Amino acid sequence: MKSNTVITGTHFITGDDACAEGGIAAGCTFFAGYPITPATEVAERMSKRLPQVGGVYVQMEDELASMAAVIGASSAGARAMTSTSGPGFSLMMENIGLAVMLEVPCVIVNIMRGGPSTGLPTLVGQQDVMQARWGSHGDYEIIALSPSSPQESFELTVDAFNLADIYRVPVIILSDEIIGHMTEKVTISETEKIKIVHRKNPACGPENFVPFFPDEDGVPPMALAGDGYHVHATGLTHDEHGYPVITADAQERLVQRLVNKIRKNEEKIVRTEEYYLDDAEVIIISYGCSARTSLDVVETAHGKGMKVGFLRLITIWPFPETKIRGLASRKNVKAFVVAEINHGQVVYEVERCAAGEAETVLAGFMGGRIFEPDELYKVVQEIAN
Amino acid sequence: MKERLKQAPPKIPDEAKLSWKKGHGDHPLDRYLKEGRIPHIWCPGCGIGIAFTAFIKALEKAEFDQDKTVVVSGIGCSGRAAGYLNLDTYHTTHGRAIPFATGLKLAKPELKTVVFSGDGDLFAIGGNHIIHAARRNVDMTVICINNFNYGMTGGQGGPTTPVEARTTTTPYGCAEHPFNLIYLAKAAGAAYVARWTALHTHELRDSIVEAMSKTGFSFVEVITPCPTGYARRNRLGTGLEIMRFYKENSYITDILEPEDTALLFKGKIAVGKFVDIEKPTFMEMYREYIVQQAENSG
């Protein structure tokens, strides 16, 4: 069966399937989910693949349960994931907050569709960007990655598991219906070439172990259920021992650390891709499926001699703040055009980071379809002139 | 593990020691409690502590491995039990203890998995999860403290509040039909179902041992007094008086069908074991059917 673990080779598969294979390649051994368009194919592939590789697939009664089961499995040491789309993502918010508070690594694939509510089950949207960041109540930081192809869906899912373990945080794959249902070439390398980084184990025995006492990177080593550490984990505000402490002092210490372990490692986590930025006057910023059309527009504009660059966000959360502040402070940069399939979400972050040093314009499209290159080109042309 | 034991402990700054108190009592059951965590939050006369003690006495009696026994709880007074136990314990979100425990169990089947929570947590907000865990026959034990109201939030009506009973949200008396948890657990597919009151400490302990030893989904309901919330508004008296009520009004039976065990307001309480059957668990089915097929097709 071992030969089935990673399907090394070249495949012609969808983004959804690539997310599932990314999970398998990353060593995921537990999947709990609930069917939902356009993410069902991730669950379907996992239901076939996990029994082949010694893992467990369980279809839960809803997304509340799916997310809870994923956190439980990860608490026992499994690399665990789930997949969903808008309505299910809303239900998962409750326990994504629990995963943040318990610092349990897990991966959530969200194949975004048009909303609000049931919206457009079969058609694209990019409207869950802010929800991924702020959807669960309270203050926290999270990691979200946005693939622009099936190949990247595979690679980012592997990365997501590594980041989740390194920072003990839920990591969200913010894909979308177009990338999820797009079939392209996906090349999967040999098992030994796939980089796997596991969570830190306790460095001492149970007698001296303080379960939520962080190392210098702000992340505590994790003791697993059944390892003899007798750890208590609670969704209540807790101290370093994991015991509930309902005080402002404990809240300050805990939430500050939960936020800082991501914020202070922004530069290590954030990844972007750049095109023609050196002398760019107008910079298109985009992600996911929108980045594919944006790239076409940039190539067209560049071909016509326009000074238009392109920044593709691979990491959306934590937001590539340092990168965008740096670009905004360049003298030649006059404006950012943010192309996304929503009423404006990433654009607000860009505007915040530009801090008035460059104009920020939304090229927003309502969803249900990917915008035509011409539609974005018109916006860019107007700004460039 | 042994090598880790030799390493020096990390230095914990004083400000990190927010709530931890050194020192244990000398009670024989202390090894089941987390150091420095007692006193607990439960009110005088509350029955949760009795059920909690029955649980740790069950651990002691059956010599369940503390390293391999995991307790998961939801939210509410009963949910706080997890925080006092010297085991791996998880205090999760409201209603989600069972799916959390499902993940733990399926990822590490050698863990003995127990959910300790209340009637509102397990049967209102978590109602969907308990029926599906029972249907799948996930190998776990659910201990449900039933005190007929939401104690933590001050005594509101819930899914087990009897018709006529007064709570802060049923000021004219409850006018909804309550669940019969025994009947529901059986109908959903539980392999073991029992009910006891806080008075039946020995039977309860033995029942928990039996439930935890059972391979499959086992369910133990514990009827407990809530003097501060439910009892006060219904003039049922102190914890002691409610225990006297249990003594006079409960009867042990092994012949009643689960559907005939409904609890009425101030009514008789049927206690005992109502279901004890053998059926394959989720993991047995998964391994013997799904994994086999996958290997043959792979």
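1. Chain A is assigned two domains: domain 1 (2-193) and domain 2 (271-384). The bounds come from an automatic or database domain assignment. The model is predicted: local features need pLDDT of at least 70, side-chain atom pairs count only at pLDDT 80 or more, and totals for chains, interfaces and linings use all residues. Residues are numbered from 1 along each chain as its sequence is written, and side-chain values use heavy atoms, leaving out hydrogens and water.

2. The C-alpha centres of domain 1 and domain 2 of chain A lie 27 Å apart. Domain 1 of chain A puts 29 residues into the contact and domain 2 of chain A puts in 25 (contact: heavy atoms within 4.5 Å).

3. Together, the two domains of chain A bury about 2000 Å². Carbon and sulfur atoms carry 54% of that. Buried area is the accessible area (1.4 Å probe) that two parts lose on being put together, summed over both. A:Q126, A:V129 and A:M130 supply 28% of the area that domain 1 of chain A buries against domain 2 of chain A, more than any other three residues.

4. How many salt bridges are there between domain 1 and domain 2 of chain A? The count is 3. A salt bridge needs a side-chain nitrogen of Lys or Arg within 4 Å of a carboxyl oxygen of Asp or Glu. The side chains of A:D159 and A:R271 form a salt bridge, at 2.7 Å from N to O.

5. A:Q151 is buried, at 19% relative accessible area (buried: under 20%, with a 1.4 Å probe, protein chains only). Leaving aside neighbours within four places in sequence, A:Q151 is in contact with A:K185, A:V186 and A:T187.

How values were computed: Chains are lettered from A and ligands numbered from 1 in the order in which they are written. Buried means under 20% relative accessible area, exposed over 50%, partly exposed in between (1.4 Å probe, protein chains only).
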